[in-house]
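Let's learn to read a structure together, one feature at a time.

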Amino acid sequence: MTRATAPARRSGGEAGRHRPAPQPRPSGPAPRAVDHGAWFLVLPALIPILVLSVGPLLHGIALAFTDAQSGRTRATRWIGTRNFEDLLHDTLFWDSFGIGLVWAVGVTVPQFLLALGLALLLARDLRLRRLARTLAIVPWAMPEVVVGMVWRLVYHPDVGVLNETLRDLGLAGAADGRAWLTGLATALPAVIVVGIWAGMPQTTVVLLAGLRNTPRELHEAAALDGAGAWRRFRTVTWPALKPVALAVTALNLIWNFNAFALVYVLTGGGPGGRTRLPMLFAYEEAFRYGQFGYAAAMGCAMVAVISVLLALHLVGRLKGDKAR
């Protein structure tokens with residue numbers, strides 16, 4: 001009796017100890033638990049950004065839909081999109097917008113090419129390389145106001161270094177004391193030259209850092225295969241430097257389009273509005289004519305254009321990353 005029931009008990013125990021088959025794990029990354037304590041560590045850096053950047057931006061957007069003016073006794077009214085409608089028909093603003101594009105492209109492209117050549121030179125094992133790198137970033141260490149004042153002396157029609165040098169060289173038309181910053185044909189090119197000189201060190205430093213990340217073994221292998229300097233640059237250096245170059249070019253284009261202090265010190269937007277960049281035009285509307293609402297609408301339009309350009313740049317970068 002006992003022996004007959006023993007197998008049944010063992011089988012029942014084995015059935016009770018039977019474990020279900022393991023379930024397959026879900027594909028994809030496991031959900032991460034939200035660490036609420038990390039937000040308290042981010043707050044000291046996040047609060048100044050919200051107060052000093054996001055807050056004024058939202059206030060400026062709201063101001064663009066009002067008729068806010070300086071020196072008014074009555075309350076500011078909400079006027080909807082009237083400022084933007086006036087902006088579409090403002091030829092002076094669109095002229096300044098075109099000047100801003102010419103300025104941004106005219107500074108960014110030569111600045112990148114010159115900075116690339118300088119970075120390639122400073123990346124080589126030359127004598128006094130450290131001293132040359134230090135001297136290359138001197139313009140970057142100078143405030144834009146100081147740069148503008150120095151270059152105003154350089155461009156001075158009577159005692160400027162540029163005209164004095166041209167007189168010493170005996171070039172025709174230089175002895176008459178050409179006013180570079182007040183001439184209708186020379187003001188914008190002269191300001192573009194200053195913009196290139198002032199911003200080139202920053203681009204040089206970024207490209208130089210990108211060049212140092214290029215594996216030296218690839219250059220040595222290409223040299224052993226008989227590749228010349230241009231071929232090594234095209235097949236080894238540029239593919240490794242391209243992401244850095246695209247990023248710094250996009251940032252420079254945005255920064256140059258929003259330029260204000262340098263051009264304001266050099267020309268103040270003159271002569272005849274030939275160097276009146278969009279930021280200068282908005283500044284004059286706000287603080288010279290007191291049209292705060294209209295100036296805010298200009299700022300919103302410029303932010304929208306820059307956001308579109310930045311979005312196109314990011315989409316292009318993402319497509320390039322997926323293609324690789």
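Q: Is Glu 284 buried or exposed, and how do I read that?
A: The general idea is a set of cut-offs on relative accessible area: buried means under 20%, exposed means over 50%, and partly exposed lies in between, using a 1.4 Å probe and protein chains only. Here Glu 284 has 7% relative accessibility, so it counts as buried. Please keep in mind that this is a predicted model, where local features need pLDDT of at least 70, side-chain atom pairs count only at pLDDT 80 or more, and totals for chains, interfaces and linings use all residues. Residues are numbered from 1 along each chain as its sequence is written, and side-chain values use heavy atoms, with hydrogens and water left out.

Q: Where does Glu 284 lie, and what does Glu 284 touch?
A: A helix is a DSSP run of H or I with at least four residues, a strand is a run of E with at least two, and both are numbered from the N terminus. Glu 284 belongs to helix H13. Contact means heavy atoms within 4.5 Å. Leaving aside residues up to four places away in sequence, Glu 284 touches Gly 268, Arg 276 and Tyr 289.

Q: Which residue forms a salt bridge with Glu 284?
A: A salt bridge is a side-chain nitrogen of Lys or Arg within 4 Å of a carboxyl oxygen of Asp or Glu. The partner of Glu 284 is Arg 276, with the closest N and O atoms 3.3 Å apart.

Q: How many salt bridges does the whole structure have?
A: The search finds three. In another of them, the side chains of Arg 77 and Asp 67 meet at 3.2 Å, N to O. Both residues sit in the loop between H2 and H3, ten residues apart. Asp 67 is buried, with a relative accessible area of 11%, whereas Arg 77 is partly exposed at 45%. Arg 167 and Glu 164 also pair, at 3.3 Å from N to O. These two lie in helix H8 (residues 161-169), three residues apart, or about one turn of the helix. Arg 167 is partly exposed at 26%, and Glu 164 is partly exposed at 34%.

Q: What is the secondary structure of the chain?
A: The chain has 14 helices and zero strands. Of its 324 residues, 31% are buried.

Q: Which residues have the most contacts inside the largest nonpolar core?
A: A nonpolar core is a set of buried Ala, Val, Leu, Ile, Met, Phe, Trp, Tyr and Cys residues joined through side-chain atoms within 4.5 Å. The largest core has 33 residues, and those with the most contacts inside it are Trp 103, Tyr 155, Val 194, Leu 266, Leu 277 and Met 298. Several helices each supply at least two residues of this core, including H4 (91-122), H9 (187-212) and H14 (292-323). Another core, of 14 residues, lies apart from it, with Ala 119 and Leu 208 among them.

Q: Which helix gives the largest share of the nonpolar patch?
A: Patches are made of residues with over 30% relative accessible area and no salt bridge: like charges are joined within 9 Å, and nonpolar side chains (Val, Leu, Ile, Met, Phe, Trp, Tyr) within 5 Å. Accessible areas come from the Shrake-Rupley method with a 1.4 Å probe, and for residues only the protein chains shown count as cover. Helix H2 (residues 36-63) gives eleven residues, the largest share. The patch covers about 1100 Å², and its members include Phe 40, Ile 49 and Val 303. Ile 49 lies in helix H2 and, at 46% relative accessibility, counts as partly exposed.
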